[in-house]
Amino acid sequence: QVQLVESGGGLVQPGGSLRLSCAASGRTFSSLGMGWFRQAPGKEREFVAAITWAGNSRTYYADYADSVKGRFTISRDNARNTVYLQMNSLKPEDTAVYYCAAVARPGGAPEKSLSEYQYWGQGTQVTVSA
C-alpha cells in the first residue's frame with residue numbers, strides 16, 4: 001500500500017506561483033510513476049502532469065496537459081520520496097483541488113490516464129483569485 005500526502009496549496013493572485021509537494025511512503029519511491037491531477041467544482045478530474053523514472057539510465061520523463069505546458073513543471077526527488085509541481089503564471093482557471101497519484105510502474109511513458117493510477121492523495125486546494 002502506498003500513502004500519498006500533498007501540501008503547498010493555498011490562495012494566490014493571478015500571475016503568481018505555488019509549489020505543491022507530495023510525500024510518498026509504503027513502497028520504494030523509485031518504483032512508482034507519479035502524476036498530478038486536478039478537479040474544479042462541477043468538472044471531472046483531469047490530468048495535469050506525470051513523471052516516470054528510468055532507473056537504469058537515471059533519466060526522468062515528464063509530460064503535461066496542453067493547458068499547463070510552459071507554466072507548470074513536475075519533478076521528483078527519489079531520495080526524499082517526494083514529487084513536486086511548480087506552478088507559475090497561475091490563472092483563475094487553474095483553481096481546483098490538486099491530487100497526487102501513483103502507479104506501480106516506474107518507467108515507460110508518463111501515464112496520463114486517471115484510471116491507471118492505483119494510489120491517490122487526499123488533495124490540496126489551489127485558488128487563483130485577485
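Serine 21 is in contact with Val5, Glu6, Ser7, Trp36, Thr82, Val83 and Tyr84, its neighbours within four places in sequence being left aside. In this predicted model, serine 21 belongs to strand 3, which covers residues 18–25. The protein as a whole contains eleven strands and zero helices.

**Serine 21**
- The relative accessible area of serine 21 is 16%, below the 20% limit, and therefore the residue counts as buried.
- Among the contacts of serine 21 beyond its sequence neighbours are Val5, Glu6 and Ser7, together with Trp36.
- Thr82, Val83 and Tyr84 are also in contact with serine 21; strand 8 spans residues 82–87.

**Proline 92**
- Proline 92 lies in the loop that links strand 8 (82–87) to strand 9 (96–103).
- With a relative accessibility of 46%, proline 92 is classed as partly exposed, because that class lies between the limits of 20% and 50%.
- Apart from neighbours within four places in sequence, proline 92 is in contact with Pro14 and Val128.
- The C-alpha atoms of proline 92 and alanine 130 are 8.7 Å apart, although 38 residues separate the two in sequence.

**Fold and dimensions**
- Read from the N terminus, the order of elements is β-β-β-β-β-β-β-β-β-β-β.
- The radius of gyration is 14 Å, close to the 14 Å given by the globule rule for 130 residues, so the protein is as compact as a globular protein of that length.
- The C-alpha trace extends over about 45 × 25 × 25 Å along its principal axes.
- Of contacts between residues at least 6 apart in sequence, 62% connect residues at least 24 apart.

- Buried residues make up 45% of the 130 in the protein.

**Confidence**
- The mean pLDDT of the protein is 94, and 99% of the residues score at least 70.
- Among the elements, strand 11 (residues 124–128) has the highest mean pLDDT, at 98.
- The lowest mean pLDDT among the elements, 90, is that of strand 6 (residues 59–64).

Definitions and conventions:
Residues are numbered from 1 along each chain as its sequence is written. This is a predicted model: local features need pLDDT of at least 70, side-chain atom pairs count only at pLDDT 80 or more; totals for chains, interfaces and linings use all residues. Side-chain values use heavy atoms; hydrogens and water are left out. Helices (H or I, at least four residues) and strands (E, at least two) are DSSP runs, numbered from the N terminus. The radius of gyration is taken over C-alpha atoms; the globule rule is 2.2 Å times the number of residues to the power 0.38. Buried means under 20% relative accessible area, exposed over 50%, partly exposed in between (1.4 Å probe, protein chains only). Contact means heavy atoms within 4.5 Å. pLDDT is the predictor's confidence in each residue, from 0 to 100.
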